[in-house]
Amino acid sequence: MAYTKRLLACALAASVAAPSLSFATNGMFLIGYGTKSRGMGGVAIATPQDGISGAVNPAGIGFVEDRFDVGADFFVPEAKSRLGSPAGPGTGATYKSSANRFVMPAMGGVYKFNRKLSVGFSAIPAGGGGSRYNFNLYNNLTGSNVNDTLGVNLMIMQMNPTAAYRLKKNNYIGASLVMSIQTFRAFGLDYFSTFTSIFNDTGQFPENLTNRGNDWAYGAGVRLGWMGRFFDERVSLGAAYTSRIYMTKFDKYRDLFAEKGSLDTPENFGAGIGIKITPKLLFGADVTHTLYSNVRSIGNASATTTGNGFPIGPDENSLGATDGLGFGWSDQTVYKVGLAYEHTPQWTYRAGWNYGKSPIDESNGEVLFSIVAPATVQNHLTLGTSYRPSKRVEWSFSYVHAFKYEQEGPTLIGDTGSIKMYQNSVGASFAYKL
């Protein structure tokens, strides 16, 4: 009972602190959860290493000793955008987002209930996206309110009670209830008032498009997983599936998101392998796939240059409509590889690589809407280490660098546009083995 109370207290603290998140790195998600995973390129499906691993593969906690982990990442993204021709001043100027300092806390714990059953809990900042420009790139085209701020901020927090059941030796299945909280706000999107369903239906300007402050949504889904170890535990295999997280609607922004304010978290699935190359050297690799196209607010085409321009009806091609405009993101496959080397009983070193093709199609005009959510980065280099001063205490550290990537293409307004970003983050966590 005391253990459960400690977990709930930490989960509450994490859920309160997590709204400082504003950018993700694999589309709208972080590359991995937990300091150790992030140090190995986000690998975790078949290589669980801490109490947070259940947030990736619930079955993995069956292979984790009783422990509690708490940590945070300091995240520094640098994003720049341009709307208009780069040939001259004005519309062609490039502006930098000032939303570039964030702290992302996470925690998790695992407890072996009996020989067959392990239970755990994790609270993570699952992802999000956003920007804040002190110059409104959209309004600059009309010559009005050009100094107003422009941007959005989406934050997704998840709390995951988890259980893993041993089918036979070195074979577990697991499940988590994914409880999610989202918060969103938008500012400076007035230019798109005529793109809305309500404007096309009644001629009235929308009240719930922009500048409405923070709104909150709540929802739930499930995460399922399997993991097994073979060949004298030298090889590990795992698979995980997270359902679509069905969220309540953002009523304050029902004229912005499709289906009158709906923004569910898309489903994803993946598989992983871990290989003990030597008793001290672990290799891990994961492949994951996220179905952005199934969530209309994310996957529906935006105001593109090829047949999806200005709205043509209240329920067709309009912001807020049932099948309205979205960000036009494609489904994304992410590849992760990592190494962990136990140099001594006290020190372990990690390195990894993470790649996910940007879900934004710059050739079809998707840059226009993605200026406020420039999720362009594709390649990530990661490093990490752990230090164990005693049998029960462990400190871990990670560093992630997302290499600069720019996308440029035609837009419905402003002729052309570009978005580019690079990121750095450092993480630290503390673990106590029970």
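This is a predicted model: local features need pLDDT of at least 70, side-chain atom pairs count only at pLDDT 80 or more; totals for chains, interfaces and linings use all residues.

1. Arg 254 counts as partly exposed because its relative accessibility is 35%.

2. The largest nonpolar core has 57 residues, of which Tyr 138, Phe 184 and Leu 256 touch the most other members. Elements giving two or more residues to this core include strand 1 (67–83), strand 4 (117–133) and helix 6 (367–370). Strand 5 provides the largest share, 4 residues.

3. The whole structure contains 13 salt bridges. In one of them, Glu 394 pairs with Lys 36, with the closest N and O atoms 2.9 Å apart. Glu 394 belongs to strand 15 (residues 393–410) and Lys 36 to helix 2 (residues 35–39), so this pair ties together parts 358 residues apart in sequence. Both partners are buried: Glu 394 has a relative accessible area of 2%, and Lys 36 one of 7%. A network of salt bridges links Lys 36, Arg 67, Asp 69, Arg 388 and Glu 394.

4. Glu 259 and Arg 296 also form a salt bridge, their closest N and O atoms being 3.5 Å apart. This pair links helix 4, which holds Glu 259, to helix 5, which holds Arg 296, across 37 residues. Glu 259 is partly exposed at 23% relative accessibility, as is Arg 296 at 31%.

Definitions and conventions. Residues are numbered from 1 along each chain as its sequence is written. Side-chain values use heavy atoms; hydrogens and water are left out. Buried means under 20% relative accessible area, exposed over 50%, partly exposed in between (1.4 Å probe, protein chains only). A nonpolar core is a set of buried Ala, Val, Leu, Ile, Met, Phe, Trp, Tyr and Cys residues joined through side-chain atoms within 4.5 Å. A salt bridge is a side-chain nitrogen of Lys or Arg within 4 Å of a carboxyl oxygen of Asp or Glu.
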